[in-house]
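Here are my reading notes for you, arranged as numbered points. Keep the model open beside them and find each residue as you go.

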Amino acid sequence: MRYLLVILTLFTVLSCDKNETEFLTFGTYRGQLKVSETVQLPFTFKVKDANTLEIYNAEEVIEVDEIEYKNDSVYIKLPVFEGMLVAKITDQTLNGRFLVEEKGRQQAFTASKNNSRFDNNAKAETNITGNWQTVFSPNTEADRYVAKGVFTQNENIVTGTFLTETGDYRYLEGVVNGNQLQLSTFDGAHAFMFTGTVTDSTINGQFYSGNHWKEPFTAKRNEGYQLKSADQLTYLKEGYDTLAFTFPDADGNQVSLTDAQFENKVTVVQIMGTWCPNCLDESKYYTSYYNANKDKDIQFVALAFEYAKTEEKAFSFIKRLQDRLNITYPILLAQTGTTSKSKANEKLPMLNHVLSYPTSIFIDKKGKVRKIHTGFNGPATGDKFTEFKTDFTTFIDQLLEEE
C-alpha cells in the first residue's frame, strides 16, 4: 500500500492535465541519476519500442519489458530487482525519480536522446589499462577495505571493474578526459559512480553508491597484485564439520539439510539476497550449471536474506527472481527486515562470520562441509570469472566421484 501511495504521489507531481498518453520514442538515451549536488551518474539505454528497452553497462545488456504509461508519465520496472524509474515525458525528455521503495530510497532521474554515456571533451593524458592495487576509505579503519581495479582503455573510453574480497562492482564504463576519470554502472539495484584524478601510476578519487553513500579511494598501478583467496575468508568454527538450518520455502514447508532431497548428494548452499547484483550473477551461473547437470547427484539450495519487511513481500521478490532466471532449485527465506551480516550469522552460528552476499558452502555426500567460497567474481571480471567456473566444475566433479 505504501508503495502505491508513493507512486500515486509522484504521478500527481509529474502529470499534467492532458488526456493523450505520451510514449517513449525509439532511440538511444542518456539517463542521469543525481548522486550529489554536483555529481550526476550517467547510463545509456535504448528504447526498442514503446514497451521494451535495453540498459547498457560496457558489455552488459539488461532487457526491460515491464513498462506502463498513464497520461504523460512512464513507469519502468527494472528486471529482477525492486527498483522503478517513474518519469514525466516531455518532448522526448524524461524527468522523475528512481525508487527503491522497501529501502525508502529515491534519486532524481532525467533522460534525453544522446548516444554517449559521458562527454569526451579532452584527450586522455594517460592510459589506465592494467591492474590497480586499491584501498577504499583508506583513512577510516572501520570502513577500510582493499580491492583490485582491472581496466582496459581505448583512447578515452574505459571499461573494467573493481574486485573486492567479497565480490565485484560489476560492469563499469566511462572515460578519461585529461587527467579526470569517470566510471559508472546502473543495473536496477545499485547505482555506482567513480570519479578520480589519474596519473600514470596513481588514482585518487571518490566512490558514490546512489545518493546515500560516498567514500574516497586510492589506487596505485601494480600488475602483480592479488587479493586474498576467496576460499579462506569464511570457515566453520572449531568443533563443527557440518552445516545445519531449517528455513521455510514459499509453500510454508520447513526445509533442512537432513531432508531426503539432499541425502547422499553433493550440495551447494548459496547465501544470497534477491537485492544483490553479485548474487544475481552467481544465480545465473548456478542455474545454468544445475539445469545442465540434473542427472548427477548434486543439489543446490539458496538461503535468502531479505530487506523486505514482511515474509509475503520477501517471497514475492524470491518468486520474481526464480521466474526471471528460471531457477528450479529451492530458495528458502532465512531472514526478513534486514540484510545485516551479523544478524545473518545468528542464523548460521557455526560460521566464523557471514562476510559477504553471496557466499557458497560446498557439502559432500556424507554431509561434511568441504569448502566455503566468499563472494563471487562475475562475468565483468573476465579471466577471474573463467577461473572460478573452472575451479567450480573441477571441485564439484571431485566431490561427485567420492563414495
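**Notes on the model**

1. Phe109 is buried, with a relative accessible area of 1%; buried means under 20% relative accessible area, exposed over 50%, and partly exposed in between, with a 1.4 Å probe and protein chains only. Phe43 counts as buried too, at 0% relative accessibility.

2. A word on the source. This is a predicted model, in which local features need pLDDT of at least 70 and side-chain atom pairs count only at pLDDT 80 or more, while totals for chains, interfaces and linings use all residues. Residues are numbered from 1 along each chain as its sequence is written, and side-chain values use heavy atoms, with hydrogens and water left out.

3. Now put the two rings together. A pair of aromatic rings is described by the distance of the centres and the angle of the planes. Rings of Phe, Tyr and Trp (its six-membered ring) pair if their centres lie within 6.5 Å; planes under 30 degrees apart count as stacked, over 60 as edge-to-face and the rest as tilted. By this rule there are 42 aromatic pairs. Phe43 and Phe109 form a stacked one, with 6.3 Å from centre to centre and 20 degrees between the planes. Phe43 lies in strand β2 (residues 40–49) and Phe109 in strand β9, so the pair ties together parts that are 66 residues apart in sequence. Helices (H or I, at least four residues) and strands (E, at least two) are DSSP runs, numbered from the N terminus.

4. Where do β2 and β9 sit in the order of the open sheet? The 9 strands run β4-β3-β2-β1-β9-β8-β7-β6-β5, with antiparallel pairing; two strands pair if DSSP finds at least two bridges between them. The edge strands, β4 (60–64) and β5 (66–70), each pair on one side only. Strand β8 (residues 93–100) is joined to β9 (residues 105–113) by 7 bridges, and the two run antiparallel. Take Asn95 as an example: its bridge partner in β9 is Thr110.

5. Is Glu60 buried or exposed? Glu60 is buried, at a relative accessible area of 9%. Its side chain makes a polar contact of 3.0 Å with that of Arg170 (a pair of N or O atoms within 3.5 Å; within protein, one must be able to donate a hydrogen and the other to accept it, and residues adjacent in sequence count only if both atoms are side-chain atoms). Leaving out residues up to four places away in sequence, Glu60 touches Ile55, Arg170 and Tyr171, where contact means heavy atoms within 4.5 Å.

6. Helix α2 (residues 277–292) is worth a look as well. Its 16 residues reach 23 Å from first C-alpha to last, close to the 22 Å expected; the expected span is 1.5 Å times one less than the number of residues. The helix is mostly covered, with 12 of its 16 residues buried. Elements covering these buried residues include β22 (298–305), α3 (311–325) and α5 (383–401).

7. Tyr285 and Tyr286 are both buried, and they form a tilted aromatic pair, 6.1 Å centre to centre with 50 degrees between the planes. Both belong to one aromatic cluster, which also includes Phe300, Tyr329 and Phe395. Lys284, also in helix α2, counts as partly exposed at 44% relative accessibility. Lys284 and Leu325 are 41 residues apart in sequence and 6.6 Å apart in space, C-alpha to C-alpha.
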